[in-house]
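Student: I would like a close look at a single part of this protein. Could you walk me through the sheet and what surrounds it?

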Amino acid sequence: MRRFAVIGSSHLFGLIQHYVGPVDSGAYQFVWDTGRPAVAELPLGVEGWRGDFVLYNTPAGGPPPLLKDNVLYIPPQLTEILGAIPAEAEVVFSLMRGQEFAISQLVDDPSHADFLDEDGGFEPGRRWMSRADALAWAADVARPLLTTHLALRQQFPRARLVHLPAPPPIEDEAHIRVNAEGFGPLFAQHGVKPFAMRLRFYGLMYQELNRQLAAHGILSLLPPPASLTPAGGLKAEHARGCLHGNEWYAQGLAEQIREVLAHAPSV
């Protein structure tokens, strides 16, 4: 029996809810109370494979790894978290971190700055930001995502690593406001950033991040197409809260996982 694992924090909730059991049952509260990850079977029905999920609380992993002068400094807390992944896993799917862009892009910050995308998109009435500055901003926001996955690569040098990115921005602003989670006061003060701007930054950030991950042998997938609006945003009916995907979104993730496993060569 071959083994795969899926690791993440809140982005795992949809998969657990649909394929394992209710996430609000209290069974996983210890993850947040103690910092210890939960490890259990994730039955996706893939013949010849045993799957496990590793649910952890992101702050319990310590600060993001630091990449300085091409040397990666990994906090011991994260090394311990990654150690919960079954050592025999041939394929590791990562939903780790993934909301680095949330605060900087969900809330309409006072600068009201936008940048031109490759298709010439720009929100009317906004201050102009150069593309070079936008790229530097996106790289800075995505750095914890990059270094965390480099730590995963270091700990599992022979495994096939697959990054499942966070869902794209929800297109429906009304849904975001009704499901504001902890952003309500910020929305009241600054408003919600226009969808086109949120999607533009999401695309810019992942375009460069995916290139960097590929250079280290880490495959990064696109969001499940059935969960997207024609404009490329997350459908409100596939969203949980204002940032995450729900069970419908998780079913699309499961299909992507099955597709990767169906073509995974033996390690």
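Tutor: Happy to; we start with the sheet, then turn to a helix and a surface patch.

Please keep in mind that this is a predicted model. The sheet is open and built from 6 strands, in the order E2-E3-E1-E6-E9-E10, with mixed pairing. Strand E2 (38-41) and strand E10 (218-220) stand at the edges with a single partner strand each, so one side of each has no neighbour in the sheet. From one strand to the next, the twist averages 20°. Look now at strand E1 (residues 2-8) and strand E3 (residues 49-55): they pair in the parallel sense, over 7 bridges. Within this pairing, Ile-7 stands opposite Val-54 in E3.

Helix H5 packs on the sheet, where it touches strand E6 (91-95), strand E9 (160-163) and E10. The direction of H5 makes about 160° with that of E9. H5 covers residues 131-155, and Gln-154 lies in it. With a relative accessibility of 52%, Gln-154 counts as exposed, because the cut-off is over 50%. Leaving aside residues up to four places away in sequence, Gln-154 touches Leu-72 and Ile-74. Its C-alpha atom is 10.0 Å from that of His-216, a residue 62 places away along the chain.

Strand E5 (residues 71-73) includes Val-71. At 37% relative accessibility, Val-71 counts as partly exposed. Together with Leu-66 and Tyr-73, Val-71 forms a nonpolar patch on the surface, and the three have about 280 Å² of accessible area together.

Terms used
Residues are numbered from 1 along each chain as its sequence is written. This is a predicted model: local features need pLDDT of at least 70, side-chain atom pairs count only at pLDDT 80 or more; totals for chains, interfaces and linings use all residues. Side-chain values use heavy atoms; hydrogens and water are left out. Patches are made of residues with over 30% relative accessible area and no salt bridge: like charges are joined within 9 Å, nonpolar side chains (Val, Leu, Ile, Met, Phe, Trp, Tyr) within 5 Å. Accessible areas come from the Shrake-Rupley method with a 1.4 Å probe; for residues, only the protein chains shown count as cover. A salt bridge is a side-chain nitrogen of Lys or Arg within 4 Å of a carboxyl oxygen of Asp or Glu. Helices (H or I, at least four residues) and strands (E, at least two) are DSSP runs, numbered from the N terminus. Buried means under 20% relative accessible area, exposed over 50%, partly exposed in between (1.4 Å probe, protein chains only). Contact means heavy atoms within 4.5 Å. Two strands pair if DSSP finds at least two bridges between them. Axes are lines fitted to C-alpha atoms, for helices over the stretch in contact, and angles run from 0 to 180 degrees between N-to-C directions.
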